[in-house]
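Hello,

Here is the structure I promised to pass on. Please open it beside this email and follow along.

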Amino acid sequence: MGRRDSIITIGRQFGSGGREIGQLLSRMMNIGYYDKELMQEAARESGIDTHYFEKADETTPTGFYHAMLGLSSFNYGNTLCNETIFKLQADVIQNIARKHSCVIVGRCADYILRENPRCISIFIHASMSDRVARIQKHEALSEKEAIEKANKTDKRRASYYNFYSDKEWGVASSYNLSVDSSLLGTEDTARMIKEFVEKRLSLIDRYGVLLPRQ
């Protein structure tokens, strides 16, 4: 990895625009973008059908157990080794980060890359009203249904993140930067994150991993 390479990981509330912001950052910085592409790459490298990665996507072993019970290569005795899916995907994330700059959305990427000094972790949240409006723009759901889906998805993502990492999903101290996308909108939020990342990396290049003393 070159000194100027940068890895941006994005955690996000459902409906906060995290995926769109990640895509905007990717284009603004002319770097790679990975979301569901990680599952496809992990499936390709492991030779396992993408279907199983999709079933396990950001899901804890408890919630995924019955869905995978019939896959013999993932069972040792009667115990399902669901962590294998996580490990395969983590290997892909590590390999991508070693090769080039990129934006990676979700899947505990910030924790997987925690020892990479050029990895900047971001969490995107938003007001429920903004989230509902964004969800309804893409799905034919009532306001109540959109809120229920947002809460259910966030609960699943939190469970996954908290299970595989030693941090807490959505808590500001778990990330380098936590941003409310409701305040600036997706495009300006992406610009602000870009400026933050570039400033942070310039300090690393100048002073090393630690920030200079004030």
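Three helices each supply at least two residues of the lining of the largest pocket: α1 (18–29), α7 (128–138) and α8 (143–164). Of the elements, α8 gives the most, with 4 residues. Keep in mind that this is a predicted model.

The largest pocket has a volume of about 580 Å³. Its lining counts 21 residues. Nearest its centre lie Phe14, Gly15, Arg19, Glu139 and Arg157.

Now the second largest pocket. It holds about 240 Å³ of space. Here 15 residues form the lining, and Arg114, Asn116, Cys119, Ser121 and Asn176 are the closest to the centre. Two elements give two or more residues each: β6 (119–125) and α9 (181–207). By class, this lining has 7 nonpolar, 4 polar and 4 charged residues.

Next, the cavities. How many reach 30 Å³ or more? The count is 2. The largest cavity has a volume of about 120 Å³. It is lined by 17 residues. Look for Gly11, Gly106, Arg107, Cys108 and Tyr161, the closest to its centre.

Which elements give two or more residues to the lining of the largest cavity? They are β1 (7–12), α6 (109–112), β6 and α8. The most comes from β1, with 4 residues. The lining of the largest cavity divides into 8 nonpolar, 4 polar and 5 charged residues.

Best wishes

Conventions
Residues numbered from 1 in each chain as written. Predicted model: local features only at pLDDT ≥ 70, side-chain atom pairs only at ≥ 80, totals over all residues. Heavy atoms only, no water. 1 Å grid on protein atoms, 1.4 Å probe; cavity = no way out; pocket = protein on both sides within 12 Å on 5 of 7 lines; lining within 4 Å. Points joined across faces, edges and corners; volume = space filled by probe spheres on them. Nonpolar A, V, L, I, M, F, W, Y, C, P; charged D, E, K, R; others polar.
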